[in-house]
Amino acid sequence: MFKKFCKSSSGQALLEFALVLPLFVLLTFGIIEVSKIGYSYVTLNNAVRSGARVASVGGLDEEITNTIATSSTYLDHTLLNITIIPEEMGRRSGSQVKVVASYPVYLSTPIISQVLPNPVTVNSSLAMRIE
């Protein structure tokens, strides 16, 4: 009877599934979290590019900030940290204006948020010549 029990493989697939399922779920949620960080980076980068374009044609700080906020549609605008260098009064035609923005991306998967810093701060900056 013992030999029959050792040769039987009726529960082998269930055991393999039980061992592999947590790793597969962790990998899936890891891909989702990294995708969320990547999406936030690309969105912030495009928004900063739009804001720098407004700044290069003589836009005011409020216009630049509003352009960045409206260009980053799915990001929480209250968490955006926007810096414009130089200030409005110091901008002259032919000089450079630099727009810097950062955004914290909060991770929602418990195990991954213990491995990566939570929040992950995404930064973007762009300098353009003022026309």
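Analyst: Happy to! One term before we start: a residue counts as buried under 20% relative accessible area, as exposed over 50%, and as partly exposed in between. Also keep in mind that this is a predicted model.

User: Good to know. So is glutamate 87 buried or exposed?

Analyst: Glutamate 87 counts as exposed, because its relative accessibility is 63% and the exposed class begins over 50%.

User: Where does glutamate 87 lie?

Analyst: Look at the loop between β1 (81-85) and β2 (96-105); glutamate 87 lies there. Glycine 90 is found in the loop between β1 and β2 too, and glycine 90 is partly exposed, with a relative accessible area of 43%.

User: And which residues form the negative surface patch?

Analyst: That patch is formed by Glu62, Glu63, Glu87 and Glu88.

User: Let's zoom out. How many helices and strands does the chain have?

Analyst: There are four helices and three strands. In sequence order the pattern reads α-α-α-β-β-α-β. The chain has a radius of gyration of 25 Å, well over the 14 Å that the globule rule gives for 131 residues, so it is more spread out than a compact globule.

User: What does the C-alpha trace span along its principal axes?

Analyst: About 90 × 20 × 20 Å.

User: What percentage of the residues is buried?

Analyst: Buried residues account for 28% of the 131 in the chain.

User: Switching to charges: how many salt bridges does the count come to?

Analyst: Two salt bridges. In one of them, the side chains of glutamate 33 and lysine 36 meet, at 3.6 Å from N to O. These two are three residues apart in helix α2 (residues 12-56), so about one helical turn separates them.

User: How accessible are glutamate 33 and lysine 36?

Analyst: Glutamate 33 counts as buried, because its relative accessibility is 2%. Lysine 36 is partly exposed, with a relative accessible area of 30%.

User: Which residue does glutamate 131 form a salt bridge with?

Analyst: Its partner is arginine 53, and the closest N and O atoms are 2.9 Å apart. Glutamate 131 lies in the segment after β3 (120-129) while arginine 53 is in helix α2, so the pair ties together parts that are 78 residues apart in sequence. As for accessibility, glutamate 131 counts as exposed at 53%, and arginine 53 is partly exposed at 41%.

User: Now the greasy side. Which residues make the nonpolar surface patch?

Analyst: The patch of about 1,000 Å² is made by Leu14, Leu15, Phe17, Leu19, Val20, Leu21, Phe24, Val25, Phe29 and Ile32. Isoleucine 32 has its place in helix α2, and with 47% relative accessibility isoleucine 32 counts as partly exposed.

User: One last thing, distances. What separates the C-alpha atoms of asparagine 123 and tyrosine 41?

Analyst: Their C-alpha atoms are separated by 7.3 Å, although the two residues are 82 residues apart along the chain. Asparagine 123 lies in strand β3 and is partly exposed, with a relative accessible area of 49%.

User: And glycine 90 with proline 119?

Analyst: That pair is 29 residues apart along the chain, and 34 Å separates the C-alpha atoms.

Key:
Residues numbered from 1 in each chain as written. Predicted model: local features only at pLDDT ≥ 70, side-chain atom pairs only at ≥ 80, totals over all residues. Heavy atoms only, no water. Patch = residues over 30% accessible without salt bridge, like charges linked within 9 Å, V, L, I, M, F, W, Y side chains within 5 Å. Areas by Shrake-Rupley, 256 points an atom, 1.4 Å probe, with all protein chains shown as cover. Salt bridge = Lys/Arg side-chain N within 4 Å of Asp/Glu carboxyl O. Lys, Arg positive; Asp, Glu negative; His and termini not counted. Charge placed at Lys NZ, Arg CZ, Asp CG, Glu CD. Buried < 20%, exposed > 50% of the residue type's maximum accessible area, 1.4 Å probe, protein only. Rg over C-alpha atoms; globule rule 2.2 N^0.38 Å.
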